[in-house]
Amino acid sequence: MTGNRKIRVTIDQMGNSKVEAENFVGMSCEAATGPIEKALSSGSVTRELKGEYFQEAEATQEVQQSW
C-alpha cells in the first residue's frame with residue numbers, strides 16, 4: 001500500500017469517538033490504533049474493519065547466494 005499512514009480520531013458532541021486508520025495493511029492498523037482506542041474507550045470497542053485489514057502485508061526478503 002502506498003501513501004502516508006494516517007490515524008484520524010473524531011469525537012462528536014456527545015463524546016462518541018471514532019478511530020480510523022488509513023494506508024495500513026493487515027493487522028498493522030490494529031497495532032497502531034489499539035492504544036488510542038483503549039485510551040478513549042470507557043468500555044467495549046466496536047470495530048469496522050476495512051478491506052485493507054484482510055490484505056497480507058508485503059514481506060520483503062533479502063536472499064544472498066554464494067557461488
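Guide: A salt bridge is a side-chain nitrogen of Lys or Arg within 4 Å of a carboxyl oxygen of Asp or Glu. The model is predicted: local features need pLDDT of at least 70, side-chain atom pairs count only at pLDDT 80 or more, and totals for chains, interfaces and linings use all residues. Residues are numbered from 1 along each chain as its sequence is written, and side-chain values use heavy atoms, with hydrogens and water left out.

Visitor: In what order do the elements of the protein chain run from the N terminus on?

Guide: Helices (H or I, at least four residues) and strands (E, at least two) are DSSP runs, numbered from the N terminus. The protein chain has 1 helix and 2 strands. Read from the N terminus, the order is β-β-α.

Visitor: How many salt bridges does the rule count?

Guide: Glutamate 22 and arginine 8 join through their side chains, N to O at 2.7 Å. Glutamate 20 and lysine 50 also meet, at 3.5 Å. The count comes to 2 salt bridges.

Visitor: How many residues apart in sequence are the parts that glutamate 22 and arginine 8 tie together?

Guide: These two side chains form a salt bridge. Arginine 8 sits in strand E1 (residues 6–11) and glutamate 22 in strand E2 (residues 17–22), so the pair ties together parts of the chain separated by 14 residues.

Visitor: Is arginine 8 buried, exposed or partly exposed?

Guide: Buried means under 20% relative accessible area, exposed over 50%, partly exposed in between (1.4 Å probe, protein chains only). Arginine 8 has 42% relative accessibility, so arginine 8 counts as partly exposed.

Visitor: How many residues apart are glutamate 20 and lysine 50?

Guide: Their side chains meet in a salt bridge. Glutamate 20 belongs to strand E2, and lysine 50 to the segment after helix H1 (28–40); this pair links distant parts of the chain, 30 residues apart.

Visitor: Which element gives the most to the nonpolar patch?

Guide: Patches are made of residues with over 30% relative accessible area and no salt bridge: like charges are joined within 9 Å, nonpolar side chains (Val, Leu, Ile, Met, Phe, Trp, Tyr) within 5 Å. Accessible areas come from the Shrake-Rupley method with a 1.4 Å probe; for residues, only the protein chains shown count as cover. Ile7, Val9, Ile11 and Leu40 form the surface patch, with about 310 Å² of accessible area together. With 3 residues, the top contributor is E1.
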